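The sequence and structure come first.

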Amino acid sequence: SAEQSSLAVTQVAESINDTPLNFKVSAEFRKRFKAFAVDNDLKQYELLIVAFEEYVKNHSKNWAAWIKR
């Protein structure tokens, strides 16, 4: 829901650190990722963290342990 997404983004913003994460993606993916972030009023790092947390939650048998790391 939108309320859950808003809460997740707030939690992300509060947990931000200053450690860089660098990797390469295709130009098309970068364009889509940036556009999605802008369209949803998110910073790119917020989108990455929220997307990763959702992925872990939906694809890990023991996602609660991952979230607590």
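Leu47 counts as buried because its relative accessibility is 9%, below the cut-off of 20%. The model is a predicted one. Leu47 is found in helix α3, which covers residues 44-59.

Setting aside residues up to four places away in sequence, Leu47 touches Phe33, Phe36, Ala37 and Leu42. For Ala37, the separation from Leu47 is 10 residues in sequence and 6.3 Å in space, taken from C-alpha to C-alpha.

## Phe33 on helix α2

Which helix holds Phe33? Phe33 belongs to α2, residues 27-39. With a relative accessibility of 19%, Phe33 counts as buried; the value falls under the 20% limit that the term requires.

Beyond its neighbours within four places in sequence, Phe33 is in contact with Gln44, Leu47 and Leu48. Phe33 and Leu47 lie 14 residues apart along the chain, and their C-alpha atoms are 8.4 Å apart.

## Helices α2 and α3

Helix α2 consists of 13 residues. From its first C-alpha to its last, α2 reaches 18 Å, close to the 18 Å expected at 1.5 Å a residue. Helix α3 has 16 residues and reaches 22 Å between its end C-alpha atoms, close to the 22 Å expected at 1.5 Å a residue.

The buried residues of α3 are Glu46, Leu47, Val50 and Val56.

## The loop residue Asp41

Asp41 lies in the loop between α2 and α3, and its place is just after α2. Is Asp41 buried or exposed? Asp41 is exposed, because its relative accessible area is 71%, over the 50% cut-off.

The backbone at Asp41 has a positive phi of about 55°, although Asp41 is not a glycine. Most residues other than glycine have a negative phi.

How many salt bridges does a search of the whole structure find? The search finds 1 salt bridge. Side chains of opposite charge can pair when their charged atoms come close. Lys57 forms a salt bridge with Glu54, and their closest N and O atoms are 3.3 Å apart.

Lys57 counts as partly exposed, at 36% relative accessibility. Glu54 also counts as partly exposed, with a value of 37%.

## Surface

A nonpolar patch on the surface is formed by Leu21, Phe23, Val25, Phe29 and Leu48. Together these residues have about 470 Å² of accessible area. Phe29 lies in helix α2 and counts as partly exposed, at 38% relative accessibility.

Buried residues make up 13% of the 69 residues in the protein.

## Overall layout and confidence

The secondary structure comes to 4 helices and 0 strands. Along the sequence, the pattern is α-α-α-α.

The average pLDDT of the protein is 82, and 65% of the residues score at least 70. Among the elements, which helix has the lowest mean pLDDT and which the highest? Helix α4, residues 63-67, has the lowest mean at 61, whereas α2 has the highest at 98. Where pLDDT is low, the predicted coordinates should not be read in detail.

Key
Residues are numbered from 1 along each chain as its sequence is written. This is a predicted model: local features need pLDDT of at least 70, side-chain atom pairs count only at pLDDT 80 or more; totals for chains, interfaces and linings use all residues. Side-chain values use heavy atoms; hydrogens and water are left out. Helices (H or I, at least four residues) and strands (E, at least two) are DSSP runs, numbered from the N terminus. Buried means under 20% relative accessible area, exposed over 50%, partly exposed in between (1.4 Å probe, protein chains only). Contact means heavy atoms within 4.5 Å. The expected span of a helix is 1.5 Å times one less than its number of residues. Patches are made of residues with over 30% relative accessible area and no salt bridge: like charges are joined within 9 Å, nonpolar side chains (Val, Leu, Ile, Met, Phe, Trp, Tyr) within 5 Å. Accessible areas come from the Shrake-Rupley method with a 1.4 Å probe; for residues, only the protein chains shown count as cover. A salt bridge is a side-chain nitrogen of Lys or Arg within 4 Å of a carboxyl oxygen of Asp or Glu. pLDDT is the predictor's confidence in each residue, from 0 to 100.
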